[in-house]
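Please keep the sequence and the structure in view while reading.

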Amino acid sequence: MTADDDRRADDRVLIFDTTLRDGEQSPGIHLNTREKLEIAHQLTRLGVDVIEAGFPISSPGDFEGVRAIAGEVEGPVIAGLARANERDVTRAGDAVAPASRPRIHTFIATSDIHLTHKLRMNRAQVLAAAVDAVRLAKSMVDDVEFSCEDATRSDIGFVAEVVGAAIESGATTVNIPDTVGYTLPTEFQRFLVELYERCPGLRGVTLSVHCHNDLGLAVANSLAGMQVGARQVECCVNGIGERAGNASLEELAMVLRTRADAVGGLWCGIETTEITRSSRLVSRLSGYVVQPNKAVVGRNAFAHEAGIHQHGVLANPLTYEIMDATSVGLAQSSIVLGKHSGRHALVNALAELGYELDRSELDAVFARFKEVADRKGRISAADLEALMSDEMRAEMDGALRLDQMHFRGGSDERPVARVVIRDPDGAVHEAETAGDGPVDALMKAIDAAVGTTGTLLEYAVSAVTSGKDALGEARVVCEIDGRAFAGQSVSTDVLEASAIAYLRAVDASRHATQDEPVVAGGV
């Protein structure tokens, strides 16, 4: 990256993170308020400019999550998403009201396919709805963002008309999304250049781009937009999001850092050494595993197996590494705790990792730390991060708890599992079932105990760190009542981690039934 003195303010690209809104709309992801707050605090450490904290109208839980973030997280702009109608905008305004820098982000589709088949509105009605929504939002907050959903498949003349009207009504940021990941970089640039020509007022506000990854072009399209004038880019940690996901925050940040010479001086304020921690936190809390060969944050991103590569890297890392692993936060932490470590040592270690706990939270984490340390011996920074993420899951109000788990079986005996589960009211539920394997038996026992029927869609177990005594991290995605739910847990016992992960997915389905979303979707 160029030296700070060489950076021009006009070349700064604002990072609009939508991990907690578009990212959480990924199938199976259900974050509680504590988890959302932890991610929001980490995004602040990462240096994002805007946190889109959620879609307040979608459910009471989402409203409370946005409002909690608005009231607690300082630094970034806190945005809430709203469709272009009075109810949505008012709800978003109420949710972000506690923030010192609130934003309402309102949107409406502009493509004929959406107008005809989804909105059932004509262009005049869409234009009027956009104007009314922006005016209402402007009466509640100074910072209003307006988006044309499915802009890249819309008639550019109509987009220009709607954008111009939104700007005249008070929009300070205009977002042009490639909602279905359809456009190509050169097409996107031509679209934006023509939009500037047709709508001169666009040069007086911030142009934003929001690109989806359906054809694997989200980062390329976002960069193409920046190169013709966009100064806000909307993205998610690990590139999560609906369908194939969004533009990856870490990839965009490292493109600007690594290829500063080729991007015309564009830069952003991301603290890149916080990238790896952000990626791991979002992965653990969302239940979405990062693929090994994922750019920047995949476990193989800085690994070299081929002999010729290893020789070159040993001679000079620049032979095969265009980025320094430490620049994305992969430097090994010196934190190592053991079973004899006390509260003070744990508090210091957690503070070094960015966690601040109150007394009750510390009591719970310390008890879990001692339990794991007795089994494992040495606790590393990665172990602590995994334990903290797991505790956030465990603290969810109204959650089912696994009190006991028993298992018997062998090579010549069909596995049988017995579970004892306690519900939020203190009632105990027990069941014992056989299965094709120990995990299958455990999951069937949980279903029998709590009265659900889940179909396992994905199941994965991985080690948090190296070594035979490493914490095992289990992740499941299951289908319950036609919807996907994810669960995750860590333990030194992978069967225990698997059982708790599945129970958390089941629990998420129960809460989703009680707190059914009003609407999903967005730009």
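How many salt bridges does the count come to? In this predicted model, the count comes to 36 salt bridges. The points below take up several of these pairs, and then turn to a sheet.

- R34 and E361 form a salt bridge in which the closest N and O atoms are 3.3 Å apart.

**A pair between two loops**
- R243 and D214 meet through their side chains in a salt bridge, with an N to O distance of 2.8 Å.
- Because R243 lies in the loop between β8 (232-235) and α9 (249-258), while D214 lies in the loop between β7 (206-211) and α8 (218-227), this pair ties together parts that are 29 residues apart in sequence.
- D214 is partly exposed, its relative accessible area being 30%.

**A pair between two strands**
- D403 and R422 also have side chains that meet in a salt bridge, at 2.8 Å from N to O.
- This pair links distant parts of the chain, with D403 in strand β11 (residues 401-410) and R422 in strand β12 (residues 413-422), 19 residues apart.
- D403 is partly exposed, with a relative accessible area of 36%, and R422 is likewise partly exposed, with a value of 33%.

**A three-stranded open sheet**
- An open sheet is formed by three strands in the order β14-β15-β16, and the pairing is antiparallel.
- The edges of this sheet are taken by β14 (455-463) and β16 (483-491), each of which has a single partner strand, so one side of each is left without a neighbour in the sheet.
- From one strand to the next, the twist averages 15°.
- Strand β15 (residues 472-480) pairs with β16 in the antiparallel sense over nine bridges, and V477 stands opposite A486 in β16.

Key: Residues are numbered from 1 along each chain as its sequence is written. This is a predicted model: local features need pLDDT of at least 70, side-chain atom pairs count only at pLDDT 80 or more; totals for chains, interfaces and linings use all residues. Side-chain values use heavy atoms; hydrogens and water are left out. A salt bridge is a side-chain nitrogen of Lys or Arg within 4 Å of a carboxyl oxygen of Asp or Glu. Helices (H or I, at least four residues) and strands (E, at least two) are DSSP runs, numbered from the N terminus. Buried means under 20% relative accessible area, exposed over 50%, partly exposed in between (1.4 Å probe, protein chains only). Two strands pair if DSSP finds at least two bridges between them. Axes are lines fitted to C-alpha atoms, for helices over the stretch in contact, and angles run from 0 to 180 degrees between N-to-C directions.
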